[in-house]
Amino acid sequence: MIAVPLFVAFSIPLLGYIHKKAGLYAMSATLLFNTFLSFSTLPHAFEKPIRVIIAGYKPPFGINLAITPFSIFLACLISLMGFIVSIYLLKDETTETQEKFSMLILLVVMGATGIVLTGDIFNMFVFLEIMSISSYALTSIRKDRKGSEAGIKFLLVGSISSTFLLLGIAIIYNQLGTLNMADIARRFSQMNPKLAFAAVSFLFLGLGIESEMFPLNAWAPDVYQGAPAPVAALFSAVTVKAGLYAMIRFLYTISNNSSFIKLLMLFGIATVIVSELSALKQTDVKRMLGYSSLGQIGVILFAVGIGTKTALEGAVFHFVNHAVLKATMFLSIGLLAKYAGGSSFEELKGIGKKYPFLAGVFAIGALGVMGFPPLNGFMSKLMILTAAAKAEHVVLVMLVLAASVVEGFYYFRVLQVMFREPEPTRIEKRSVSLAFVIPLVVLVGMIVGIGLFPGVLMPYFKGAAMDILSRGDYISVMLSGGGAL
Amino acid sequence: MIERFLMNTHYIVLIGVILLLIIGFFGALTKRNLIKILIALGIADTGVNLFFITIGYISGKTAPIFSKNGLTASQMVDPVPQALVLTAIVIGVAVLALGLSIIIRVYEHYGTLNVSRIKRMRG
């Protein structure tokens with residue numbers, strides 16, 4: 001799952017000589033392969049986590065992959081999202097940058113898959129860098145003004161984050177002499193407490209930047225606005241999830257530091273409040289979507305920070321929902337902006353009347369984010385809020401609800417601009433090609449389907465949440481032997 | 001405690017590491033020119049890499065290459081950090097190269113490298 005995309009990614013430029021569009025098809029085919037592989041491993045890994053040994057060195061000496069329920073669940077999500085976005089990209093018109101584009105997208109998905117599947121902390125760092133560097137390049141691939149500005153800001157902040165990560169890893173290695181995550185987990189308490197605190201805070205900072213936690217997420221709205229829309233969809237669905245996974249894996253399994261977990265909760269709430277309020281005064285829809293995405297991630301962080309079993313189930317559920325919803329919205333707004341000539345409120349006036357299907361898709365996504373009942377956002381928010389209420393954090397529940405009201409306000413404003421304004425005369429109606437329509441339909445189907453039948457996915461959420469909480473199982477399985485692949 | 005940490009490393013190099021990190025982060029925060037910020041981040045990267053190598057050093061031992069006959073593993077310093085640092089250096093180079101190419105593009109669009117003027121996307 002990791003080696004194949006890597007190999008294909010590097011052979012795409014060669015394929016480009018054969019046929020102009022070969023790169024894009026190779027990308028989609030590889031992502032489809034990935035999706036199949038991850039879904040077929042899913043039930044197997046839920047019975048007993050799998051440990052894949054590379055190059056014959058058993059842990060704790062060698063590098064190994066740790067395919068735990070949470071990992072494989074996220075791997076499925078990442079591959080699926082990557083595949084959907086890649087179908088959208090089959091028809092996107094980027095001229096001679098087509099090969100590089102598909103290569104970079106494959107690298108981003110590969111990096112994210114690597115992060116969630118690895119059992120070795122330095123390996124995780126390497127994959128994080130692969131993902132980040134490809135993201136920097138993807139942000140500025142259109143070489144326009146906004147993309148370049150967003151790209152350089154992303155790069156500068158990202159390299160600060162990787163410096164902090166390396167520092168934390170160095171401290172851990174110095175004390176414990178191992179890089180295997182299970183081994184570190186087992187021996188974490190042997191570390192000098194002051195150095196342990198330093199290592200955890202460095203890693204918290206570094207991973208917090210990557211998971212867009214407040215106040216380390218100033219780079220994110222610029223990136224969501226400046227990057228091309230499908231790339232922004234990829235970012236919010238894939239890269240952030242990988243960063244969140246790393247944070248969760250580190251705080252829960254490796255260091256089990258309850259004060260930092262509580263810190264996550266507080267920062268999560270802060271993220272939600274600040275992002276939703278900032279989204280109010282935006283005049284550009286893509287930037288507004290970026291802030292809204294940050295708000296949802298704040299909700300996830302808040303849920304992870306609470307730490308009870310139902311809260312974690314809700315968090316994992318929200319992982320899925322947020323990825324699907326945001327991907328839908330970014331893809332649809334990408335098309336709308338392309339036909340309208342821009343993505344600010346001025347330019348999008350009345351476009352709902354010219355392209356009712358696309359605007360309808362956007363509306364469904366907006367309703368899902370707000371948490372309307374038959375759609376998927378409702379169930380996950382409900383789970384998170386009930387878990388928070390049970391854990392006696394009533395004030396925070398009220399804050400999240402208030403933020404949801406704010407969300408409703410600015411989403412309805414966008415919908416009103418799109419649907420109620422008089423029809424613009426300068427935009428002709430063109431037909432939307434099929435390759436764009438299919439992923440949107442699939443995503444909308446997922447939104448409605450998951451909303452109506454959440455029970456289908458519930459056992460997976462339970463399994464993933466159990467995996468996060470049960471540190472002892474992780475250690476014993478990884479060190480002594482899991483199922484064979 | 002801290003002594004056990006310090007006994008395994010050399011003081012001079014540690015001071016150098018801290019200096020490099022301070023210079024790097026300080027430069028990244030206060031400088032206005034994009035290229036200077038990038039260079040400052042490169043300096044910070046160098047500091048971290050140096051820190052990493054220093055961790056693997058055991059006094060009195062030699063480089064982990066089988067250069068003489070009869071050189072056993074117990075006479076070598078820890079090779080793992082050296083492998084990790086190689087990787088990290090390569091990653092740093094890649095980021096630097098990419099950063100410079102994006103900066104060229106930014107300069108073409110904005111005509112200036114001053115960070116406080118490259119703020120078209122405020123909102």
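The questions and answers below concern a predicted model.

Visitor: How many helices does chain A have, and how many strands?
Guide: The model is predicted, so the elements described here are those of a computed structure. Of the 485 residues of chain A, 62% count as buried, and among its contacts between residues at least 6 apart in sequence, 79% join residues at least 24 apart. The elements counted in chain A are 20 helices and two strands.

Visitor: What share of the residues in chain B is buried?
Guide: From the N terminus on, the elements of chain B run α-α-α-α, with four helices and zero strands. Among contacts in chain B between residues at least 6 apart in sequence, 56% join residues at least 24 apart. Of the 123 residues in chain B, the buried share is 24%.

Visitor: Which helix gives the largest share of the side of chain A that touches chain B?
Guide: The contact between the chains involves 33 residues of chain A and 30 residues of chain B. On the chain A side, the elements that give two or more residues are helix H5 (121-139), helix H6 (145-176) and helix H9 (219-226). That side divides into 14 nonpolar, eleven polar and eight charged residues. The largest share, 16 residues, comes from H6(A).

Visitor: At roughly what angle do the axes of H6(A) and H9(A) cross?
Guide: Two packed helices are described by the angle between their axes and the distance between the axes. In H6(A), residues including Lys146(A), Phe154(A) and Val157(A) take part in the contact, and in H9(A) the partners include Trp219(A), Asp222(A) and Val223(A); the residues of this contact divide into five nonpolar, three polar and four charged. The crossing of H6(A) and H9(A) is left-handed. Their axes come within 8 Å and cross at roughly 145°.

Visitor: Which helix gives the largest share of the side of domain 1 of chain A that touches domain 2 of chain A?
Guide: Chain A is divided into domain 1 (1-256 + 475-485) and domain 2 (258-452), and their contact takes 30 residues from domain 1 and 37 residues from domain 2. On the domain 1 side, the elements that give two or more residues are helix H3 (69-89), helix H8 (193-210), H9 and helix H10 (229-255) of chain A. The residues of that side divide into 23 nonpolar, four polar and three charged. The largest share, eleven residues, comes from H10(A).

Visitor: How far does helix H11 of chain A reach from its first C-alpha to its last?
Guide: Helix H11 (residues 258-280) of chain A has 23 residues, for which 33 Å is expected at 1.5 Å a residue. Its buried residues include Leu264(A), Phe267(A), Gly268(A), Thr271(A), Val272(A), Ser275(A), Glu276(A) and Ala279(A).

Visitor: Is Glu407(A) buried or exposed, and why?
Guide: Glu407(A) lies in helix H17 of chain A, and leaving aside its neighbours within four places in sequence, Glu407(A) is in contact with Glu276(A), Ser292(A), Gly295(A), Val369(A) and Met370(A). Glu407(A) and Ala366(A), 41 residues apart in sequence, are 9.1 Å apart in space, C-alpha to C-alpha. A residue needs 20 or more C-beta neighbours within 10 Å to be buried. Because Glu407(A) has 24 such neighbours inside 10 Å, Glu407(A) counts as buried.

Visitor: Why does Leu401(A) not count as buried?
Guide: Leu401(A) lies in helix H17 (residues 394-420) of chain A. The C-alpha atoms of Leu401(A) and Lys286(A), 115 residues apart along the chain, are separated by 23 Å. Because Leu401(A) has 13 C-beta neighbours inside 10 Å, Leu401(A) counts as partly exposed.

Visitor: How far apart in space are Lys309(A) and Leu167(A), C-alpha to C-alpha?
Guide: Lys309(A) belongs to helix H13 (residues 309-340) of chain A, and with 13 C-beta neighbours inside 10 Å, Lys309(A) counts as partly exposed. Lys309(A) and Leu167(A) are 142 residues apart in sequence, and their C-alpha to C-alpha distance is 32 Å.

Methods. Residues numbered from 1 in each chain as written. Chains lettered and ligands numbered in written order. Predicted model: local features only at pLDDT ≥ 70, side-chain atom pairs only at ≥ 80, totals over all residues. Expected span 1.5 Å × (residues − 1). Buried ≥ 20, exposed ≤ 12 C-beta atoms within 10 Å, placed from the backbone. Contact = placed C-beta atoms within 7 Å. Nonpolar A, V, L, I, M, F, W, Y, C, P; charged D, E, K, R; others polar. Axes fitted to C-alpha atoms, helices over the stretch in contact; angles between N-to-C directions. Left-handed = near helix turned anticlockwise from the far one by under 90°. Domains from an automatic or database assignment.
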